[in-house]
Amino acid sequence: MSARGVMVVAELSAGKLISVSREMLGLARQLVAETGGPVCAMCPAADEALAADLVAHGADRVYTAGEAVLADYDSEAWTACTAWAVRAADPAAVLIGHTTSGADLAPRLAFRLDAAAATGCVGVRLDAGMLRFTRPCYGGNVRETVSFNTRLAVATVRGGCYDAFPRDETRRGDTLKIPLDSTALRARVIERQRESGGDVRLEDARVVIAGGRGLDGPEGFEVLARLARELRGALGASRVPCDLGWCPHSMQIGLTGKTVTPELYIAVGISGAGHHMAGCGNARNIIAINTDPEAAIYKEARWGVVGDYRKVIPPLIEAIRALRRAERKSSETADTRR
C-alpha cells in the first residue's frame, strides 16, 4: 500500500454518523499512520455540518453531493458518487461498514472500478506494505486472510472490531463537491415501514436480547420484548427464527445478518453456532439461557442459566423492577434528608 491514502464510505442514521462509520475512520487513520496519505470520506448527503463532523472524526477530505435525499442508501446513486470520488482521490483502499447497504455497495463499486472486494472482514492490517483482510468463512468456524494484486481494494468491515477516532473539533479539512448526474436518481422512496418496533438501533444498542429456535414460536419474542423494554435494549434473533417467519429479518444477528457489540448480550434459546457467534462474539458480556446444558453458547458466555426461558425471564423482569423501585425509594429518601 503506497501513500495514496484510504477512503471511507460514511453512512447516516437519523442525520448522524453511524458507529461503524466512525470506526472505519479510526481504522483508516491507523493505516495511513504507517504509510502516509490522506483519509478521505465519501458521504453523498453531507452538508457543511456533517462534513465538519466527518473531519472531526478523522477525515482530511470530504466528498459529498450535498443531496439530502441521499441520506438513505440508493444503490445506483451511491455507487456513482463513490466511483467518482475514488477516481478523484485515487486511494489504495475503500473501507465500508459491513451493513446491509455496505454489503450491497462494495461489490457494485469493485465491479465498476475493476477492483477486488472482501466483505464481512474482522481485521485489516498492513504486512510488508500490502493490505491483508481477515474474514470468517465456513460458517464462521474458520478465518481466512486474503490480499489483492489490484490497484484498488474494497472492503466491508464488521462493527466493533476497531475503535473510533477520538473526536477533535480543532481538525480542519477540505470539502469537495461530487457532480451527480440526475440519471443516477431514477428511484424514489414512496413509503417506509418499520419492521421492528424498538426505538434503539440494533447495531448501536448497549443491551441486546436475542432469541433462537429454542423459543419454540413467535410468542417467545413477546416475552423477550418485555425484558428488552426493562433493560432499554434492542431485540435480535438468530437465523432460524427469521427464516421461520417468527420475526423480521432485520433482527437477524450473525454471519449473514447484523454484527452487534453491546455491553450485554442475552442469548435465549440460541445454540451458539459459529455463524451466529460471528455477529455477536465481540459483546463484552454474554449471558446464555438454554435448556440444553451442552449448548455451545456456554463456551462463549460469561454467565449461563440452564432452564426454560418461560420460567427464567418473567422472574428476571420482576427482579429488575424490584431493583428499580428500591433505587427510586433510596433516592427519594436521600432527597428528603437533604
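In what order do the seven strands of the open sheet with parallel pairing run? The order is 7-11-6-1-4-5-12. Before we walk through it, keep in mind that this is a predicted model, where local features need pLDDT of at least 70 and side-chain atom pairs count only at pLDDT 80 or more, while totals for chains, interfaces and linings use all residues. Residues are numbered from 1 along each chain as its sequence is written, and side-chain values use heavy atoms, with hydrogens and water left out.

Helices (H or I, at least four residues) and strands (E, at least two) are DSSP runs, numbered from the N terminus. Two strands pair if DSSP finds at least two bridges between them. Strands of a sheet pair through backbone hydrogen bonds, either parallel or antiparallel.

Look at strand 1 (residues 6-9) and strand 4 (residues 39-42), which pair in the parallel sense over four bridges. There, valine 6 has valine 39 of strand 4 as its bridge partner. Helix 1 (residues 19-35) packs on this sheet and touches strand 1, strand 4, strand 6 (93-97) and strand 11; contact means heavy atoms within 4.5 Å. The direction of helix 1 makes about 175 degrees with that of strand 1. For such angles, axes are lines fitted to C-alpha atoms, for helices over the stretch in contact, and the values run from 0 to 180 degrees between N-to-C directions.

Now for the other sheet: an open one of three strands in the order 8-9-10, with antiparallel pairing. Strand 8 (123-127) and strand 10 are the edge strands, each pairing on one side only. On average, neighbouring strands here are turned by 25 degrees against each other, direction ignored. Strand 9 and strand 10 pair in the antiparallel sense over five bridges, and phenylalanine 133 stands opposite valine 146 in strand 10. Helix 1 turns up again: it packs on this sheet too, touching strand 8 and strand 9, and its direction makes about 0 degrees with that of strand 8.

What about aromatic rings? A search of the whole structure finds three aromatic pairs. Rings of Phe, Tyr and Trp (its six-membered ring) pair if their centres lie within 6.5 Å; planes under 30 degrees apart count as stacked, over 60 as edge-to-face and the rest as tilted. One of the pairs is tyrosine 63 with tryptophan 84, edge-to-face at 6.4 Å centre to centre and 65 degrees between the planes. This pair links distant parts of the chain, since tyrosine 63 is in strand 5 (residues 61-64) and tryptophan 84 in helix 3 (residues 75-89), 21 residues apart. Tyrosine 63 is buried, with a relative accessible area of 1%, whereas tryptophan 84 is partly exposed at 33%. Here buried means under 20% relative accessible area, exposed over 50%, and partly exposed in between (1.4 Å probe, protein chains only).

Phenylalanine 133 and phenylalanine 148 form a tilted pair: 5.8 Å centre to centre, 35 degrees between the planes. Phenylalanine 133 lies in strand 9 (residues 130-137) and phenylalanine 148 in the loop between strand 10 (142-146) and strand 11 (153-157), so the pair ties together parts that are 15 residues apart in sequence.
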